Amino acid sequence: MAEKMKKPDEMSRIEYTPAKEDWFDPQVKIRRGVYNYPANPKSSAYLDLPNVHKWSPLDDDWHLPDNWKEIITEGFRDRLKRFRSLKIFMDICVRCGACADKCHFYIGSGDPKNMPVVRAELMRSIYRNDFTTMGKILGRIAGGRKLTKDVIKEWFLYFYQCTECRRCSVFCPYGIDTAEITMMGRELLNLLGLDIDWITTPAANCFRTGNHLGIQPHGFQDSVDFAVDDLADNTGVRVEAPVNKKGAEILFVVPSADYFGDPHYFGFMGYLALFHEIGLDYTFSAYASEGGNFGLFHSNEMMKRLNAKIYAEAKRLGVKWILGGECGHMWRVLNQYMDTMNGPADFLEEPVSPITGTKFENAKSTKMVHICEFTADLIKHGKIKLDPSRNDHWRVTFHDSCNPARGMGLFEEPRYVLHNVCNYYHEMPENTIREQTFCCGSGSGIGTDENLEMRLRGGFPRANAVQYVKDKYDVNLLTCICAIDKATLPPLLEYWVPGVEVAGIHELVGNALIMTGEKDRTTDLRNTPLAGKEAVEHV
Amino acid sequence: MKVMSALLAVIILLLIVIIGVGAGKLHYLFGVIIPYFAIAVFLIGMILRVLRWAGAPVPFRIPTTCGQQKSLPWIRPAKADNPSNLVGVVGRMAAEVFFFRSLFRNTKMELKGGPKIVYGANKWLWAGALVFHYSFLVIFIRHFKFFAEPVPYFVTVTQNFDSFFQVGLPMLYLTDIAIVLALGYLFFRRLVVPQMRYLSMPGDYFPLLLIGTIATTGILMRYFDKVNIFAVKELGIGLLSFHPVAPTGIGLLFYIHLFFVSTLIAYFPFSKLVHLAGVFMSPTRNLANNNRMKRHINPWNPKVKVHTYEEWEDEFRHVMKDAGMPLEKEPVEEVKE
């Protein structure tokens, strides 16, 4: 990065009193550090996206198509017809301001347009002007604003300064969900070819190879094999990790970062160890080697295109049901969209744990179970042996990832697992966890290097809560169940709260799991010496 | 400033009724025609609004989950904050509509040195909103006495509760004080809190000023410049029975009151006040989080281009073969010229 990043001291000096300006008059200040690069035209073209062109947010001219206004107006009209959420949310906001200080980007930046209500007003004002009687007659007095190129620029800036985390929606008396508004805003921008690279390119990769990173099938096989080797080195147990195995009972889908990213990888080893130990008949798929779905951040159609692979592959492989790994937005899609978009999954069976016999009634239609539900059930039934002291080198806290929290309500399952695999566990303050959890600041496709300043700002409330438990309880490990968290929280914490690491829950499960035939375990899955074992080694 | 255009609108409305009734003596227009017109606009406007909302499908089931999901039998679900069935949804909506559940969660964020962010409970907005809405409801119910003879029982009961302390003559209604205080709070927070001033629009100040004027004129008529109740009731009953009489002998204050009520009613369907109906239709609140149990249907579920397994294997067959991965079709050896 060319410019030097501000120090935390300076970054946390935030002015919350808005400048004396009227947000009605668009003033777009796009500077380095707070936006994402436009999509690589090759990726957009691969996905047959409209109006693919080269442009830069820093330029005055974004080379919009000549009929850009018509595209937006028609696109808006079309979405108002298709989404009741949009129509209602455009009409009923009373601007009570309850959402204002709930947004991590507002807390971290003080930019008044990051108050969710104002971010939504950027779009609502156009709606009122173009689609309501009052707005058409009274214009500005009725809160209507003319659609201009500056409005489009503003949308681009602020709809990519929203991580669709839905925290504001928890506090809204009408449940107005900024994520819905941002999603619609992004869909409209996409129509003009104004999509960003860290959404479109992963989506294109995923469409082609099966995962975001564009790893080809043999590469996927390699990384699974590596994990098997590493696990054998670490535990002395060599496990099987089938890929594309027909007739397996369960298809296991993870976010691709699990087998390529750090610290995701250690959680991946944890899954492998667990499945081996309980003798699960499962398979990975190289075709559906991505549960994460960057289509969610692009458009509902793109989400559907990418998500389609999971059911298609489950059908081809002839599995009974599907198990999903630790990932946030992946689970938003699986829980709230998959069955509607690509179901019905009538070729699958209602999920039953082959180990405990538990019927997962809550997944009887979608036929997809969350790994934390699965593992919590195993532990509850005493089906695995655990030695939580193997995690005694960690003082653990848990970060509820936005989507499993507010798009699902997965709160107790991960906590139950954690309580059983580690001895030192401390919750962050109550206004920062569970349904009130704070986003990592990098979700929904904006976790890019070029956007680092905004990410650090957006992640400030989360980091600050971690600071609290670090100061109070010496917490040194933040666990989470989201691949984006695992990728973006380490640099965030390094900046705001150095000394706190990030891990998935199944990494701790893997550490604590007593495996049949294992060697004397002296290190955790990261090859860090276990508490009590380091002294022995160094003496 | 945005509050000025709202204030200006209210002043213009005042002038209209003062000139119309005071100078123009247009009692029938302001006493009968405009109220009927306003109610017609309200009814038609609200019905159309709701129909328009209802006409847009709910493609996805997207409740905001604010509590534990229903999953394993030994984990207690949050039945209302994360409903898994209709009963839960009804509970959630009831809590939302009657007690402003979500607003009750409100917190206030403060950044202190360190840096340290603290979140305090902040129930003022919740309390202000609740007091305002319930006072409004009680006052609305009390007004039925002007439309029916004998006065319905529920109206009398409401009145008795409202004048619980039995002070003053006529007896002081608690809601008269409460609504003024609540309106004042809701209005001045928009002016005083910098963020609220930034985000407030004419459409936020205007209804508060309208209702404020209505409340003020109402209070003046009850306690100070007393109005001819019998004439008012005659008008009310006349309006309701569709035999309206042009009322005379009621002061200007009453006409201001009535005209502002009419304006409020007619303004309703075109403003943020439609939240009255919209809150019931919000897809993040009125749907159960049972997506994985019960399939939700999207009526316009689009056909999309997907990348099929066959296309995928066609592209990667050779590398998969080399890696020893299972295949659907064996690769065909290419004949090299």
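The C-alpha centres of domain 1 and domain 2 of chain B lie 64 Å apart in this predicted model. Domain 1 of chain B covers residues 2-304 and domain 2 covers 305-337; such bounds come from an automatic or database domain assignment. Local features need pLDDT of at least 70, side-chain atom pairs count only at pLDDT 80 or more, and totals for chains, interfaces and linings use all residues. Residues are numbered from 1 along each chain as its sequence is written, and chains are lettered from A and ligands numbered from 1 in the order in which they are written.

The C-alpha trace of chain B spans about 105 × 50 × 45 Å along its principal axes. The radius of gyration of chain B is 29 Å, whereas a compact globule of 337 residues would have one near 20 Å. This radius is taken over C-alpha atoms, and the globule rule is 2.2 Å times the number of residues to the power 0.38. Chain B has 13 helices and two strands. Helices (H or I, at least four residues) and strands (E, at least two) are DSSP runs, numbered from the N terminus. Of the 337 residues in chain B, 35% are buried. A residue is buried if 20 or more other C-beta atoms lie within 10 Å of its own, exposed if 12 or fewer, and partly exposed in between, with C-beta atoms placed from the backbone.

In chain A, four strands form an open sheet with parallel pairing, in the order E2-E1-E3-E4. Strands E2 (282-283) and E4 (368-370) of chain A stand at the edges with a single partner strand each, so one side of each lacks a neighbour in the sheet. Two strands pair if DSSP finds at least two bridges between them. Strands E1 (residues 250-253) and E3 (residues 321-324) of chain A pair over four bridges. Leu251(A) has Ile322(A) as its bridge partner in E3(A), and Val253(A) stands opposite Gly324(A). Three bridges join E3(A) to E4(A), where Met368(A) stands opposite Ile322(A).

In a regular strand the side chains alternate between the two faces of the sheet. Trp321(A) and Leu323(A) point one way from E3(A), Ile322(A) and Gly324(A) the other way, and all are buried.

Between the chains, 93 residues of chain A are in contact with 81 residues of chain B. Contact requires C-beta atoms, placed from the backbone, within 7 Å. Helix H15 (residues 300-317) of chain A gives the largest share of the side of chain A that touches chain B, seven residues.

How values were computed:
Contact = placed C-beta atoms within 7 Å.
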